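Please open the model in your viewer and keep the sequence beside it. The tour below moves from one selection to the next and says what is found at each stop.

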Amino acid sequence: MWLLLVSALLCSSAAEIHFPAEIPSEVQVTLAALVPQDVSLALAIDKAFPSDEGFEVSCSYNVTTVKAAGRRGLLFGFYSLLRRVGYGFLHPQHVIVPEIYGDLCLNFADAPTCIGRCGTPMLGAVRGSHYHTQHPLELTNVLNGFAQDGSFDSDAKWEAGLDAWTNYLQWLVAAGQNFVEWCLLEADPWEKFSTAPTRQARLKRVVAM
């Protein structure tokens, strides 16, 4: 799992990273764990930047700076930088960390793009995924308010699945995506739970992450 990888890497990480206040502390931990020890990196908000999702990476005096208009652009820029030096984000639970990475002192500007039809008339330029909860996939239960064992009477058991959802969201951003959707399930055996306040509260937490 991504979070387990983070915990293992943090023990030896000595990278110098400067984060703006717009980046939540839990996201800072995830990003810091991925940065090599001998790197100085700064993420900077520039409200005058012309694009919400675009970013600029520059290097001066061995300090690499990722600049964007907001949090989304910063994260896209951060992961784009890592991909350029050998990192791979092929699966939410498998991050490829290179044994020998390229020089992070780079200068480039970019923005996420899509191939073919990009977005929809209602949603605009979205790039994302449909998570097929009609099948028993890893996140089907947590995205429908259930614990991994299919029960729904314990918040603690349901919350145990949120780490996997966090990993999936980080992977979406690392892949330059900005949208995810899934189907909410309903069945006669748990009809009352389908519209219960408990389920609604859990779904609100999932969407807010």
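Helices (H or I, at least four residues) and strands (E, at least two) are here DSSP runs, numbered from the N terminus. Counted in this way, the chain has 7 helices and 9 strands. The model is a predicted one, in which local features need pLDDT of at least 70 and side-chain atom pairs count only at pLDDT 80 or more, while totals for chains, interfaces and linings use all residues. Residues are numbered from 1 along each chain as its sequence is written, and side-chain values use heavy atoms, with hydrogens and water left out.

**The whole chain**

Begin with everything selected and coloured by accessibility, where buried means under 20% relative accessible area, exposed means over 50%, and partly exposed is in between (1.4 Å probe, protein chains only). Of the 209 residues in the chain, 41% are buried. A contact is taken as heavy atoms within 4.5 Å, and among contacts between residues at least 6 apart in sequence, 58% join residues at least 24 apart.

Two strands are said to pair if DSSP finds at least two bridges between them. Ile 17 has Leu 41 as its bridge partner in strand 2. Between strand 1 and strand 2 the chain passes through helix 2 (residues 25–34), and this β-α-β crossover is left-handed; a crossover would be right-handed if, with the strands pointing away from the viewer, the path from the first strand over the helix to the second ran clockwise. Within strand 4, Val 63 stands opposite Ser 40.

Tyr 61 is not a glycine, yet it has a positive phi of about 50 degrees, and with 80% relative accessibility it counts as exposed. Asn 62 likewise has a positive phi, near 65 degrees, in a residue other than glycine, and it is exposed, with a relative accessible area of 65%.

**The disulfide**

How many disulfides does a search of the whole structure find? With a disulfide taken as a pair of cysteine sulfur atoms within 2.5 Å, the search finds 1. Select Cys 59 and Cys 105, which form this link with their sulfur atoms 1.8 Å apart. The pair links distant parts of the chain, 46 residues apart, with Cys 59 in strand 3 (residues 55–60) and Cys 105 in the loop between strand 6 (94–96) and strand 7 (108–110). The link is left-handed, with -100 degrees about the S-S bond. Cys 59 is buried, at a relative accessible area of 15%, whereas Cys 105 is partly exposed, at 30%.

**The nonpolar core**

A nonpolar core is a set of buried Ala, Val, Leu, Ile, Met, Phe, Trp, Tyr and Cys residues joined through side-chain atoms within 4.5 Å. The largest one has 42 residues, and those with the most contacts inside it include Leu 41, Phe 78, Tyr 79 and Trp 165. Among the elements that each supply at least two residues of this core are helix 2, helix 3 (71–84) and helix 5 (162–174), and helix 5 gives the most, with 8 residues. Centre the view on Leu 41, and its contacts beyond four places in sequence include Ile 17, Val 66 and Phe 78.

**Aromatic rings**

Rings of Phe, Tyr and Trp (its six-membered ring) pair if their centres lie within 6.5 Å, and planes under 30 degrees apart count as stacked, over 60 as edge-to-face and the rest as tilted. The whole structure holds 11 aromatic pairs. One of them joins Phe 78 and Tyr 79, whose ring centres are 5.3 Å apart and whose planes stand at 85 degrees, so the pair is edge-to-face. Phe 78 is buried at 0%, and Tyr 79 also counts as buried at 0% relative accessibility. Then select Tyr 131, Trp 165, Tyr 168, Trp 171 and Trp 182, which ring pairs link into a cluster.

**Val 206**

Finish at Val 206, found in helix 7 (residues 197–208) and counted as buried at 1% relative accessibility. Val 206 touches residues that include Leu 143, Trp 165 and Trp 182.
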